[in-house]
Structures are given as structure tokens and as C-alpha cells.
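Below is a set of questions and answers on a protein model. Please look at the structure first.

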Amino acid sequence: MTSETVLKASQRLYDEVITTGLCTLCGACIGLCPYFGMNLRRGTIRRIDPCERDEGRCYQYCPRTDTDMDAIYRRILGVPYDKDKIDIGVVRDIFLAKSRDADILKKGQDGGVVTTLLWAAMEEGIIDCAVETRMDEDKSPVGFLARNKEELLQCAGNSYEPGAVFETLNRIPRDSSDNLAIVGLPCQVAAVGKMKTYPSQNGVNVDNIKLVVGLFCGWSLSPGSFHTFLRENFDLSQVIRFDIPHHPAHSFDVYTTSGKKSIELDEIAEFINPACSYCCDMTAQFADISVGSGRAMFKGWNTVIVRTGAGADLIEVAKKNGMLEIQPLPEENLTHLKKAALIKLKKAIKKITERTGSEQDFGYLKVRAEVAEALLEE
Amino acid sequence: MVQVKHKVEKFNIATDAPGHVELLLGNEAIARGIVEAGVQVAAAYPGTPSSEILENLVKVAKKVGMYAQWAINEKVAIEVATAASMSGLRAVTAMKAQGLNVALDFVQHLNLIGTNGGLLIIVCDDPEAFSSVNEQDSRWLAQIGDYPLLEPSSVQEAKEMTKWAFELSEQLHSAVFLRSVTRISHASSVVTMSDIQRLDRKASFDLAQYFSPSPVVQKHAELKQKLEKARKIFESSPFNWYRGPSSPDLTLVCSGTGWLYALDAIELLDLEKSVGIIKLGTTWPLPVEFIQKHLRPGSRVLVVEEVDPFIEVHLKEQMYDKWGGDELPKIYGKNTGHIRAVGELNPDNLIDGIVKVLGVNYRGRNLSYDKKAKEHASKMTLARQPIYCPGCPHRASMWIVKRVLRLEGTDGFVTGDIGCYALDRYHGGQRVTRTQSAMGGGSGLASGFGKLEQFGFNQTVIAHCGDSTFFHAAIPAIINAVHHKSKTTYVVLDNSTTGMTGFQPHPGTLLDAIGDPAVPVDIEDLCRSLGCAVEVADPFDLEDAEQKLRDLVNREDTKVMIYRRKCGLIVFREEGPQYKVWVDEEKCFGEECGCDRYCTRIFKCPALIWDKEAHKAKVDEALCTGCGFCFKVCPQSAIVREKI
């Protein structure tokens, strides 16, 4: 029987993150093993049985356990985590983009860039499949392995709740040689960053992950309480898509077969996952390519940040095949983006230091001294 | 000694061969006694250590013109037998001690009603609770009802007493109790047969009689007279005797197994010349004149009986009336601390009692030796607790229940019941069962827990019960829950048998006790007729069974999940193994992150073993029944199965 005094890896994760309000439901701990499970209805992660190991991937990959920013930056982006990166991370290139494919534009969010890039990667043979999320009949995002354009289209469209994309990734047999892309929220992308920095013998070979696409994220909605709210107010079988159209609009839009219904954002504020308030990353800084909305000024477009060589290569492929329309991002939009990212970061740092009780202690975020100073600046 | 008329080649308990000698199980001997007495109706509910009585009767029932029934529970069983008795036939019912509790309401009215055809109530107690969840002494309940009570001390005597009990019952117009224990019912010994009576009475209900306990006080007075009549008969019963010196230093008063332990103890202590034994076979009412004949004023008496100081207490009370002051015999036993007050009797603790009373010097094996021996043995062998058989569907069902409860995350639990599925509480189960009590108790408790929401209760409660338990006792509890809108989930584990007691049929099975076609009562239809949500699944169909239960547990009202799959042992016996199962060692993660010995440490089928040298899981082919379920359990799909 397990000793009560020595905490094992899964117990530590449970006691330090999952039950303490830090868990973003990124799902990196799901699917690695049978010991953790996700209750989608309640929006909770639960330990089903006790694992007795002192060390485990679940604790290591969690984006809310100790995250050595320098180590992961060097591994993924080839540079250290300096104070000039704290807002929107490494920017190799940044622009606005929009798909040229009518099918994708119809289904995709804003400019349909994520779907287009994955399609381009498949066509070019860079990847065999993409680990994404797809909405089930109840319109909950569930992990899905897409292998062709039609399946990519099924995955297109935001749900604004975290999807258990890792359950699908972790269940891929370790002897599989398929090349993969993975799409995730910033916390999920951070977990992938940790997986690449600390690879394991078990589970999917991280070298197979050829492409990481990150999504911009301010906060996500709790699959438990928010989905109950949706169920109570809508016939989910009639829902087509969701959208948050951004300032000056202040709504959460639900598109159904009988039209659009707008809910005041303030009304759904109570369903925001409280754990999101500890998140410092608005633009998914560990991705090869990060994609967000073009916002009100560029409705129907995506903001795209390219961070790595692999990302840049893929953009070239998409451009070459005429799959994307591209235009420069105006300076004021870039300024606005950096400002928004910085606000999210500073709010999170404040919450973290309140929680740890010390301005020297950033909880899970491990940074060098000069970066720490920058994080604390007003 | 009866002359053997002919040589018997193949013996069964209906073989008419007076004088034939055979090795019989105690319960088999009792069944033989029932056949010899010309009994025409037998009804019972399975319960260890009584089950073999009816099991043996059903084998010969048609041959001897008997109707034998596995009734839905012990109360209905005794009612079925009583109908036969009312109609003039000799009838018998048999049950374990706890079954008497179920039948007790009827028993406590039957005493005043009286009987026509001889009626025997056989109760088998379980000292040390080897197969029960209490170790009650049923003799008190016979006494409460003013019933005459017999206790056999050997397998032969069990047969003789059983046969004679019907005569006694017809003499008194009262049902008679026979109390056995595990060491009589489940012991085997040589038995000499007597001749078989074929009564072939015609069943007929006399309209001139009114079978009722009323008028109660008058009938109670009549019952007291019957009891006194019984006592007079007992005073000269051949089942009571005295052995030993005419002026012993100590007299052992024994009933049941006490007799044989007393013989052992006296021999070991070499006290044949100074210790006498009063052996009692008729223990209520006590044959006080007989006992008094073999005692002197101031005699030292040590009472030797199983479970409670029943005879001890009554003996003290009755001797007090006969003698007074200094002349009172000194009566020792469980109440005086001379014999262990709990657990099963054995020659060792009897020897301790004798030594204490007489002050003799005896260096036998003492209790601290037992303690030391156990400690050493625990280092050499594993303490194995009971576990679900390989292939058992309950392992799959409780696996699913655990997953659902843990994923709900509400500190949910299972209210347990009596049967194979109750093994969840041991090391080999998933240990989500947190209560255990009487038959149907889990279902009743759950109906109560489901009404505590107004007091802040928000834990998920699931009651489980088997198919036989469902019929026996759970139905009223489930109806209660439905009617009161109790927020409870019932999981009925239907494996098409009454498993724990030996695969007896029940009202849901296709055949009756004798093997004739019966009308199977469908659990699913019955539950649906209550108007509550009902789902049915095969627990081996893991995803479907789990999803259905997860959807059910969140409903506000009462709901029933039926996990239906035949008992794994029956499938293995009837059809053989379904799959060849083995572990692909290349895929097995073993102790690594991603597994941590999931199949052997968490799932715990005994046929899955851990190879300490290879650090891999393996299938033990000697234990595996080829059910194939474990292949769904392995997170790395390292357990492989191939259809046979």
C-alpha cells in the first residue's frame, strides 16, 4: 500500500494543481495512463486510481507545475527567454492572413487559417495527420485525429472550451511513425513544449510532432458550468458555431439553424475558468505558428505569428500553392496586440504573487532575475 | 442394528436399504432423515451452511414423491412448507441462521397457529461466521417462540433427530426446530440407514379449522402446555444421556458439537475417572429432571455449547428453583469467562475451561502459540482474501462502478449486500462498497441516502445487488425509492444464478429446483413496470456499460442499471474458455509511467500475475477461464486475446 507520508507523482499533481484552482483542463495528464480521467459533464479531472510512481509524465508535462522558461525556449525556439519576449514571444514574422478556399472559409473561424495550414501540411507530406478537437453532438470539443481535408473541416470552428486534445495524442501507439501536427491553446502548447524538452521513452514519439499550431487565448470557458448553461438555453443539436466578435462588440454569439443569438459577455463571465487568471501567455509562445482573430477591424481575417523555421517553411508552402491571402499587419494593430498580451501577463503575475505570498515567487513560472524584474514592472 | 437386506451398489439418499452404511455429509444425512420420515414438501432458500439439505432433496424428489422448491426467500419458503403442513402433509424448511431472521415474523405466529402434518424448521448456525456476516445463536429465537428444539451432536444423530422430529411435531401439533452448525452440517461421517416411510398422504385443507394465532392469550396458554408436554417427552429421550463416574469432580453439560469436543478434551486431560458428561440433544425445553438426576448439591458444571450461553443461562435459572443457597451447583461457561464467549468452540478452548475450573496442571498448546504461529505463517504465505473468480462479470461491473464514482468526484460509494459481488470489499475488489448488512440492506439504505439532499448530502450513492438478492429482498426497497423520488441508482448484477451458495435457481431462471420448466420473472420488465429509468448492458461491453451508468447517475430520481452477464464459472463449465489470452511482453509497460502495473495492481484478476524477474505481466494459464475481458483493461493493449 502507498505510504501516506511520501507523495507520489500523480498525488502531487492532484494536490498541487488539479484540486487547487490552477488546472486549466488542458488535458496533458489525460491519456498518458489510465489513472486520470476527465469528466466532461462536470468539467473536472479526477484520479480514478492511485499510481505509485515517484515520477511521472503527468507531473512533468503539466503547464502549471514548475516550467523552466529558458530551457523550453532554447529547445523550441532556439533562444533564451529574455524580457523582450514577455508580451508576445518570438516573432519571426507577423501578418494577417485569410484562406482562399470557399469550403474552409464557410466553416472556419475568422480567416480559416488553421485549417488551411494543416491542409497545406498534409498535401505537402509534412504531416500524415493532425491532432485537433471536433465538436460532438452535444457541441463539446473532443480530441480527434484528422487525416484529410474533410476531417479537418469537421474540426474547424472554435468552441471556447478547452478540448482534450492530449487524450488523442497520448493514445497514439508509441511505435507509430505517422508525422503529426497538434493544435492547442497556450497552456496545451506549453505542455507540448515540456514534452519536447523532456522526452520520454513511453508514449508517442515527440519527434513525430512536426508542427505545433497555437491559438490566441484570453480565457476559456468551463466545460462543466458553461456547457450546462448552453444546454439550458439552446437546443444544441441546432447550433452551428460560436464566435466572440471582439471590441466594439461585447457579446458571445451562438449561430443556430434559425439564426444568431448574442449573449452579453458579462452574462457568461461567471463561467470563465478561474485557473485562466494565472495564465501569462496570450499568444501560445511555444508554437511554430500562432493564430488569432483579425479582430473587428479585419473581420474574416486571422492574425498570424510565425516563430520557427518549420512554421516559416509551411507558410511558404501555403503561399506557393495559393492557399492563403496575406496582408501586412498595421503597426497600431501590433501595438494593440502587445498591449493586450502584456495586460493579461501582468494581471496573472499579480494573481500568482498574491497566491505565493511573495514577489520573488512566480509559482510555476521559473525565469531569470532580469526577466523577473520586467515581469514585476507596472 | 437392522439387518442389511441387500448389497447396495450405487447409493443415493432415496435408496431403500435399511442397515446400509455410507459416508455422508451432515446435510446429506439430514436430507436422508427427511426422506425416511416420508416428508412430501420441502421449501428453502440457499444459505451456507444449510444449502445442501434441499440440494440433496431435489435430486431424489420425484423418486420419493416429494415436491421440493427453492423459494424466493426464507419467509415465503416456510409459508410454502406450512401450507403443506396445514393440508396434512409432512413438510420441512431449511435455512441459515440469518434466514431465520427473514422468516421470523411468520415463525412467531406459526407457534400459536399450530400444525397438522409434521413440520420441521431446520436452522444452521455459523459460529465464527465463516460464511456469514454475523454469528447469531438461533436457539434464542426458537425459545422466544416456545418451540421444542433439537440439537444433533453427530452426523448420524442429525439423521435420527430429523426423522423423529416429524413424529414429535405431529404429537404436539407444533413445528419443531432442529439447530445444526457448520461442523455438523459440513462434516462427513459414517451413517447407518433406516427404512424409508412412504406416507403418500392426500393434501386436504379442513374448513372446520381456523388457522390463526387468535385468540392470542388462549393460544399462548395452549402453547405453554405443548411445551410442557414436550419437556415430559424429552425427560426420557434417547438423545440425552450421561457418561462418566457416578460422583464426578466436574460435569460437562454439552449440546451439539460440544459432545465430541468434550470426549476429546477429557481424553487429552486423562480425566475419564473424574469428569462426567451430560449430553443433551433436546435443548429446549431443558429436560430438567434428567439433568438434576445427574447432579449433586454443589456440583461443578461446565456448559459446552456453540455461540451463546443459551443452556448455561437457562440451566442456572432452573437449578436456582430446584436448589437454594449452598446447594446450588456451580455453573461455569461463557458467562463466567471459562469458555470463549465469541467465535467457534474447539477442544482447546474447552480444555482451557476445564483446567480453570479444576485447577489441574495441563501444558497444552496455549493461545499465544496460535498467535506466534500466525505471525510466522504470515511471513511465509500470503494472507489471501476472497476474490472474484477469473471470468466473473462482477469484476467488470464493479470496475465500471468504480470508474463512474471516481469520475463523478462526489465521494460517492456503494451500499453493499450479500452475495458474490460483496467481495468488492476485500483486497481483490475495487473497494467502493462501504456498507454491508442484511439481504436487501444495501438497497434499503440507498433509498434512505437518496432523501438526504435537503440536509446537504451530495455524494453519489449506488446500491448493488445480485439477481437472487433482488428477488429475495431488494424489490420493496426499490419500490420505496421510486415512490419517494429517492435520488438513488440501483445496479442489479444479473448473472442468472444464486452464485455464492452454489448456483441454485431463483425466480428469474428458466428451470425450478427439480429441473422442471418454470416461469422466469424478468428483472428488466419488473423494473420498467415501476416507471423509473431502466438501462440494461453487458458489463463486458465496457464503453457501453460505463456510458449508460454515467448518464443514469446524474438523474434526479431513482434509476436502475441492470448489468446482465452469465456467471463466469457457469460459462466456463458449459462452454469452455471463449478466448486464448496472453500478454505481449514487447508492448507491456509494466512498472513504467503509463502503466505502473495496472492489470495486477488495480484490476487484480487472479489469472493476471506479475513476473518479478521479467518486470512484465503474464497470464496464468491454469487460472485463466478465457473470458477475454482484461484485454480492454490494459492501457497499452498489451493483453492480447484470440477467439477460440
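Predicted model: local features only at pLDDT ≥ 70, side-chain atom pairs only at ≥ 80, totals over all residues.

Me: How far apart are the C-alpha centres of domain 1 and domain 3 of chain B?

Reply: Domain bounds come from an automatic or database domain assignment. For chain B the assignment gives domain 1 (21–201 + 211–235), domain 2 (241–358), domain 3 (393–573) and domain 4 (577–643). Contact (heavy atoms within 4.5 Å) takes in 19 residues from domain 1 of chain B and 17 residues from domain 3 of chain B. The C-alpha centres of domain 1 of chain B and domain 3 of chain B are separated by 32 Å.

Me: What is omega at the cis peptide bond between S214(B) and P215(B)?

Reply: Most residues other than glycine have a negative phi, and most peptide bonds are trans. P215(B) sits in the loop between strand 8 (188–192) and helix 8 (216–235) of chain B; helices (H or I, at least four residues) and strands (E, at least two) are DSSP runs, numbered from the N terminus. The bond joining S214(B) to P215(B) is cis, and its omega is about -5°.

Me: What is phi of D270(B)?

Reply: D270(B) falls in the loop between helix 9 (258–269) and strand 11 (275–280) of chain B. With a relative accessible area of 61%, D270(B) is exposed; the classes are buried under 20%, exposed over 50% and partly exposed in between (1.4 Å probe, protein chains only). Its phi is positive, in a residue other than glycine, and lies near 60°.

Me: Is D411(B) buried or exposed?

Reply: The loop between helix 14 (393–408) and strand 15 (413–415) of chain B holds D411(B). Phi of D411(B) is positive, near 55°. The relative accessible area of D411(B) is 62%, so the residue is exposed.

Me: How many salt bridges are there over all chains?

Reply: A salt bridge is a side-chain nitrogen of Lys or Arg within 4 Å of a carboxyl oxygen of Asp or Glu. One of them links E167(A) and R171(A), with the closest N and O atoms 3.0 Å apart. E167(A) is partly exposed at 28% relative accessibility, while R171(A) is exposed at 52%. Over all chains the count is 55.

Me: Which helix contains both K350(A) and E354(A)?

Reply: K350(A) and E354(A) form a salt bridge, with the closest N and O atoms 3.6 Å apart, and both residues are exposed. They are about one helical turn apart because they stand four residues apart in helix 12 (residues 331–356) of chain A.

Me: How many residues apart in sequence are the parts tied together by E556(B) and K487(B)?

Reply: The side chains of E556(B) and K487(B) meet in a salt bridge at 3.4 Å, N to O. E556(B) is in the loop between helix 18 (542–553) and strand 20 (559–564) of chain B, and K487(B) is in the loop between helix 16 (467–483) and strand 18 (489–494) of chain B, so the pair ties together parts whose separation in sequence is 69 residues.

Me: To which backbone nitrogen does the side chain of S176(A) reach?

Reply: S176(A) is in the loop between helix 7 (165–170) and strand 7 (180–184) of chain A. At a relative accessible area of 18%, S176(A) is buried. Its side chain reaches, at 3.2 Å, the backbone nitrogen of D178(A).

How values were computed. Residues numbered from 1 in each chain as written. Chains lettered and ligands numbered in written order. Heavy atoms only, no water. Polar contact = N/O pair within 3.5 Å; in protein donor to acceptor, adjacent residues only side chain to side chain.
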